[in-house]
Amino acid sequence: MKKRFADPHFGVSTPGVLSKSERDLRDAFRAETDRIPGGGRLDQCIQCGMCTGSCPVSYAMDLTPRQVIGMFRAGAIEELLESSTIWICASCYQCTTRCPADIQITDLIYALRRIAIESDTFPNRLPTHIFSEVFIDMVKRYGRNYETGLILRYFLRTNPLALFGRRRAGIALWRHGRLPILPDKIDGIDGLRRIIAKAETFDLPQEVVERQTVTDSVGYAAIGR
Amino acid sequence: MKYTYYPGCSLHATGVSYDKSTRAVFAKVGAELAELEDWNCCGATSYTSVKKTVAYAIAARNLAIAEQTGDDIVAPCSACYYVLNRTRKRMAEMPELYEQVNVALAEAGLHTNLTVPVRKPLDVLVNDIGSDRIVALQTHSIADFRPACYYGCQIVRPYGSIDEDPERPMSMDRLFAALGASPVDFPPKVRCCGGMLVATSEAVAEKLCTDLLDWAVDSGANCIVTVCPLCQANLDLLNLNGSTNGSRTKMPILYLTQLIGLALGCSPEELGLQHGLVPVKIDAPRLSPSMVGAPSAHGEEI
């Protein structure tokens, strides 16, 4: 990730005029956000910075949550998808709870993750999406997450050397009876797989989004709702 | 009182002591826990990142099975608690999603009407059982414990489990004060431990956890009490030699139910204290007979 992307005034040459791929990404993101209850409220961001100030991991992000929303509105979607931000979010929901404009920022980050996966755009050296892939594979196989296997397979796929660095943690947990050797498989695994296969044929329903332009429910007026 | 117990995957692995202590404490207070039959993984946040409709469908399978008995679900893991509640909320808000998920569930002969609430053990213990009753059942003193009550994220956000300020929950502090312990003032009680960043961005998770631990030490705590298996594991790993914890004081990271269990006279083995990475060396001696069951005979009101 190049530093210039962190500066919202740089790199966005002509705000409002999008290249074709940017436009496609923006449309895809808009379609995703429209499926989030309250997704239309993205337009109501007042750039107050409450999200960034509340975020416990914003210090480690190349773009802060506030910048993410600002850059989205400026049309710089590709830079957003390449940022580490969307993969560093720990889903603590502090920003969502505190946002005075009622924007579900955490859910927006999930929407960006899905688009990044679909468009195969990832930041270098931050393989969080592989964690999700391995996790999903575990659930399909056993119906439950098998933590020992999840951790082993995640590191084998991303950074086998890191396993060596963390052997102490693994051994300590195992010695204290906290890492079972064998996975737990549910009886109804076939039924679960049928449920997953069926659910995969559905796209999430499109919300009817009211794009609010009135200002009476934004900013301070929204605090306390 | 009867509840459907949804342990979740972590309570069968890294959080095994949360499983043991929850069962032990619920048995002591006379609340029956029946494990949800053939439950499956809630999907956690990983599914949400990739496939959203599937994320709702697999979580809903558990809701559908629970409806067959109709008792409230008790989900100790904060991530399970959040995911199951989000599924209920979004399905209720979006009729089309409700339809789709039920069509998917029908593949396994299931259906959900979203009638069963999903709750945290803290909520059940404080609101259904009540701290008066728990104090009345107390047999052992936990007066030597100075816990930093750590709530973490998803028990208070975005679906609050305990009906109070999401920025400053107090129900755990009040309960332990009523039981005679001395909870310390712990301002970062709802700050994030980093969750699964421990696997994907280790340095970030470690910083969040060392901040929490340092704060607890500075507040004069001698243990941290958590309500989530991920918080417990992340903090407990700092107790290892050679970790970034370095020369810091090692501190037991307990589950809420472990400390309550000690006050109610459960054995350390029953509560799974042996699974913690540092031994708990704080005594919980038997109360003198005159003190047993005396409500508020000890401890200060918070």
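1. Ala106(B) has its place in helix α5 of chain B, where helices are DSSP runs of H or I of at least four residues and strands are DSSP runs of E of at least two, both numbered from the N terminus. Ala106(B) is partly exposed, with 14 other C-beta atoms within 10 Å; a residue counts as buried if 20 or more other C-beta atoms lie within 10 Å of its own, as exposed if 12 or fewer do, and as partly exposed in between, with C-beta atoms placed from the backbone. The C-alpha atoms of Ala106(B) and Arg61(B) are separated by 9.9 Å, and these two residues are 45 residues apart along the chain.

2. A word on provenance and numbering. This is a predicted model, in which local features need pLDDT of at least 70 and side-chain atom pairs count only at pLDDT 80 or more, whereas totals for chains, interfaces and linings use all residues. Residues are numbered from 1 along each chain as its sequence is written, while chains are lettered from A and ligands numbered from 1 in the order in which they are written.

3. Chain A contains 12 helices and zero strands. Of its 225 residues, 41% count as buried. Among contacts in chain A between residues at least 6 apart in sequence, 71% join residues at least 24 apart, two residues being in contact if their C-beta atoms, placed from the backbone, lie within 7 Å.

4. The contact between the chains takes 55 residues from chain B and 55 residues from chain A. On the side of chain B that touches chain A, at least two residues each are supplied by α2 (44-50), α3 (52-67), α5 (95-106), α9 (197-200) and α10 (202-218) of chain B, and the largest share, seven residues, comes from α2(B). The residues of this side of chain B divide into 28 nonpolar, 18 polar and nine charged, given that Ala, Val, Leu, Ile, Met, Phe, Trp, Tyr, Cys and Pro count as nonpolar, Asp, Glu, Lys and Arg as charged, and the others, Gly among them, as polar.

5. The domain assignment of chain B gives domain 1 (2-119) and domain 2 (131-275), with bounds that come from an automatic or database domain assignment. Taken over C-alpha atoms, the centres of the two domains are separated by 24 Å. Their contact takes 21 residues from domain 1 of chain B and 27 residues from domain 2 of chain B. On the domain 1 side, the elements that give two or more residues are α1 and α4 (78-93) of chain B, and α1(B) gives the most, with nine residues. By class, that side of domain 1 has 10 nonpolar, eight polar and three charged residues.

6. Helix α1 of chain B (residues 16-28) has 13 residues and reaches 19 Å from its first C-alpha to its last, close to the 18 Å expected at 1.5 Å a residue, where the expected span is 1.5 Å times one less than the number of residues. The helix is mostly covered, as 12 of its 13 residues are buried, including Tyr18(B), Arg23(B), Phe26(B) and Lys28(B). The buried residues of α1(B) pack against β2 (32-35), α6 (121-129), α11 (229-236), β7 (253-255) and α12 (256-263) of chain B. After α1(B) comes Gly30(B), whose phi is positive, near 80°.

7. Which elements cover the buried residues of α11(B)? They include α1, α4, α9, α10, β6 (223-226) and β7 of chain B. Eight of the eight residues of α11(B) are buried, so this helix is largely enclosed by the rest of the structure.

8. Four strands of chain B form an open sheet in the order β2-β1-β3-β4, with parallel pairing. β2 and β4 (118-119) of chain B stand at the edges, each with a single partner strand, so one side of each is left without a neighbour in the sheet. Strands β1 (residues 2-5) and β3 (residues 73-74) of chain B pair in the parallel sense over two bridges, pairing requiring that DSSP finds at least two bridges between the strands; here Tyr5(B) stands opposite Val74(B) in β3(B).

9. Strand β5 (residues 147-149) of chain B pairs with β6(B) in the parallel sense over three bridges, and Ala148(B) has Ile224(B) in β6(B) as its bridge partner. β6(B) and β7(B) likewise pair in the parallel sense over three bridges, with Val225(B) opposite Leu254(B) in β7(B). From β6(B), Cys223(B) and Val225(B) point one way and Ile224(B) and Thr226(B) the other way, and all are buried.
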